[in-house]
Amino acid sequence: MAQNKKELQTKKETQSKKPSQGKKKFKMDLHTRNSLKGLVFVSPFILGVLMFFIYPIFFSIRLSVSTDIKVVGMHMSGFTLSEYVEAFVVDKEFLPLFGQTIQDTLVKFPLTVVLSLIIAVLLNRDIKCRGLFRVIFFIPFLLGSGEVMTQLINQGVDRSVLNIMDGRLVPYNVLMYFGTTITDAVQTILGVLVTVLWGCGVQILLFLSGLQSISPSLYEAAKIDGATEWELFWKVTIPMISPMMLLNLVYTLVNSFVNGSNELLTYINTKGLQDYMFGAALGWIYFSVIGLLVAIVFGVMQKHIHTSEIEEVKKRERKHRVFTIEKAPKRTFE
């Protein structure tokens, strides 16, 4: 009887252990957890794109390659690339405006990134009224965007800085001494700086968030090793804010192509109201060039982005991993 009781107890214990062994606890590592958190925050944007942007995007592509369109019901038929050819061969205004837009971007794009980084570094220091200065640099972005910026530029504010200052910035005697050529050059430079500083608010905030995320221990360790302020900036600050640098580069590049002072966008909108198919083709050409430039920025910056130490080790392991195939020993038959 005692043996039977022991056998029954052992059977019950084994049965109770089996389901517990079959159940596997689902564990997420830190990277997966952070990815899910990021997906939750981005999900409203993803849903908005799927609900409101996917259909208009495919509709505009179909519109740009159609041969015939009926306005009533928007029925499209045929397939042609003549609208794209017309943009480069027939239209006399598109390419000059496009070249002017590229030229303005090449001038203002690096200035915006460099000036916003310098201002962010200065505002990150322990100075009096630091919060007030941050608000001052961000207010022009709020007031000078959209229709407000368009009206200011139409009135020539960016081209008449010296006239607005009324001799307080540069005396009239000095301007008369150098002549109209130098005066126009100074006027152009000051106008570019004004428009660049108007649009630096977001970039300054992004750089500030990146600078404040750097651990002070890194600077302390570098100073103990004898690093100067210049070396701290290039060896610690720039690598640590490289992800934010990439974000600012992409944001500034896209913003320079879609701001209110862009005459090419006005031209595309005007043509789109006159000819739907031609306007759609112009828009997709413009979008393709912007996408290509953004891809180039990603390709150049990809090798210079600083990541966490664990990811750096994984990258090195993948890079230096060597696959070896061991030969099977030859069989000998006696």
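Predicted model: local features only at pLDDT ≥ 70, side-chain atom pairs only at ≥ 80, totals over all residues.
Local features need pLDDT of at least 70 and side-chain atom pairs count only at pLDDT 80 or more, while totals for chains, interfaces and linings use all residues. Residues are numbered from 1 along each chain as its sequence is written, and side-chain values use heavy atoms, with hydrogens and water left out.

Helices H14 (residues 263-274) and H15 (residues 276-301) have axes that come within 6 Å and cross at roughly 150 degrees. Helices here are DSSP runs (H or I, at least four residues) numbered from the N terminus; axes are lines fitted to C-alpha atoms over the stretch in contact, with angles from 0 to 180 degrees between N-to-C directions. H14 is therefore roughly antiparallel to H15 (angles over 145 degrees). Leu264, Leu265, Tyr267, Ile268, Lys271, Gly272, Leu273 and Gln274 of H14 make the contact (heavy atoms within 4.5 Å) with Tyr276, Phe278, Gly279, Leu282, Gly283 and Tyr286 of H15. Nine of these residues are nonpolar, four polar and one charged (nonpolar: Ala, Val, Leu, Ile, Met, Phe, Trp, Tyr, Cys and Pro; charged: Asp, Glu, Lys and Arg; polar: the others, Gly among them).

The second largest pocket holds about 470 Å³ of space. A pocket is an open set of points on a 1 Å grid where a 1.4 Å probe fits, with protein on both sides within 12 Å along at least five of seven lines; lining residues have an atom within 4 Å of a point. The volume is the space filled by probe spheres set on the points. Of the 14 lining residues, Val121, Arg125, Tyr219, Glu229 and Thr237 lie nearest the centre of this pocket. Helix H11 (216-224) and helix H12 (229-240) are the elements that give two or more residues to the lining, and H12 supplies the largest share, five residues. The lining comprises eight nonpolar, three polar and three charged residues.

Definitions and conventions
Parallel < 35°, antiparallel > 145°, perpendicular 65-115°, else oblique.
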